[in-house]
Amino acid sequence: MRTAVDRIRHAISFELIALLIVTPAASWLFGKPMFDMGVVVIVSATIATLWNYIYNLGFDHALRRLTGSVRKSVPVRVVHALLFEGGLLVALMPTTALFLGVPVLDALFVNASFAVFYLVYAFVFNWAYDVIFPVSEKPASAAHSA
């Protein structure tokens, strides 16, 4: 299992890199001012960072309980990314609609576009993160005594 510090590093680096990509791209794509999209992206990133920490902690606990390991195969990574983005999409729609002053259906389109980007980004980022910062596979009793 990852430590709390590692999970925080993961969540913050994930969101900071994404912010640098998403804000200017969304401003251009949706024809909204950079400031407006920046606020939506920052609020969304804050919500997503909290969701990232909670979701990944829960997913890893469930995965270890089901399989005895936190190692993720490609199919598990796909399920992981889809469930993460689906939950986040639902959580972000009302905030996006309210701040941008658009109907919920338009907010769904904006958030679905973000979700497509983040789906690919999450898959690549998490795989790279696992390679750069591998998980220690100590037995549960050894991990608690360390």
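## Helix packing exercises

Ala-11 touches Thr-49 and Asn-52, leaving aside residues up to four places away in sequence. Keep that pair of contacts in mind as you work through the exercises; the model is a predicted one.

**Exercise 1. Work out where Ala-11 sits, and whether it is buried or exposed.**

Solution. Start with the element: Ala-11 is found in helix α1. Next, check the accessibility. The relative accessible area of Ala-11 is 3%, and the cut-off for buried is under 20%, so Ala-11 counts as buried. Finally, look at one of its partners. Asn-52 is 41 residues away along the chain, yet the C-alpha atoms of Ala-11 and Asn-52 are separated by 6.2 Å.

**Exercise 2. Describe how α1 packs on α2, and say why the two count as roughly antiparallel.**

Solution. Two packed helices are described by the angle between their axes and the distance between the axes. Take the distance to begin with: the axes of α1 and α2 come within 8 Å. Then the angle: they cross at roughly 150°. Angles over 145 degrees count as roughly antiparallel, so α1 and α2 are roughly antiparallel to each other. The handedness comes next, and α1 passes α2 in a right-handed crossing. To finish, sort the contact by class: 17 nonpolar, seven polar and three charged residues.

**Exercise 3. Repeat the description for α3 and α4: at what angle do they cross, and with which hand?**

Solution. The axes of α3 and α4 come within 8 Å, and the crossing angle is roughly 145°. As for the hand, α3 passes α4 in a right-handed crossing. By class, their contact has 19 nonpolar, four polar and three charged residues.

**Exercise 4. Find the largest nonpolar core and trace which elements build it.**

Solution. Begin with the members. The largest nonpolar core has 20 residues, and Phe-14, Val-22, Phe-114, Tyr-118 and Tyr-121 have the most contacts inside it. Move on to the elements: α1 (4-30), α2 (34-67), α3 (74-100) and α4 (104-132) each give two or more residues to this core. The largest share, eight residues, comes from α4.

Now zoom in on Phe-114. Not counting residues up to four places away in sequence, Phe-114 touches Val-22, Ala-26, Phe-30, Met-37, Val-40 and Val-41. Apart from this core lies another one, of seven residues, including Ala-48, Phe-59, Leu-63 and Phe-84.

**Exercise 5. Step back and describe the whole chain: how many helices and strands does it have, and what share of it is buried?**

Solution. Count the elements: there are five helices and zero strands. Read from the N terminus on, the order is α-α-α-α-α. For the extent, the C-alpha atoms fill a box of roughly 55 × 25 × 25 Å along the principal axes. Of the 146 residues in the chain, 36% are buried. Last, the contacts: among those with a separation of 6 or more, 71% join residues 24 or more positions apart.

Key:
Residues numbered from 1 in each chain as written. Predicted model: local features only at pLDDT ≥ 70, side-chain atom pairs only at ≥ 80, totals over all residues. Heavy atoms only, no water. Core = buried A, V, L, I, M, F, W, Y, C linked by side-chain atoms within 4.5 Å. Buried < 20%, exposed > 50% of the residue type's maximum accessible area, 1.4 Å probe, protein only. Helix = DSSP H or I, 4+ residues; strand = E, 2+ residues; numbered from the N terminus. Contact = heavy atoms within 4.5 Å. Axes fitted to C-alpha atoms, helices over the stretch in contact; angles between N-to-C directions. Parallel < 35°, antiparallel > 145°, perpendicular 65-115°, else oblique. Left-handed = near helix turned anticlockwise from the far one by under 90°. Nonpolar A, V, L, I, M, F, W, Y, C, P; charged D, E, K, R; others polar.
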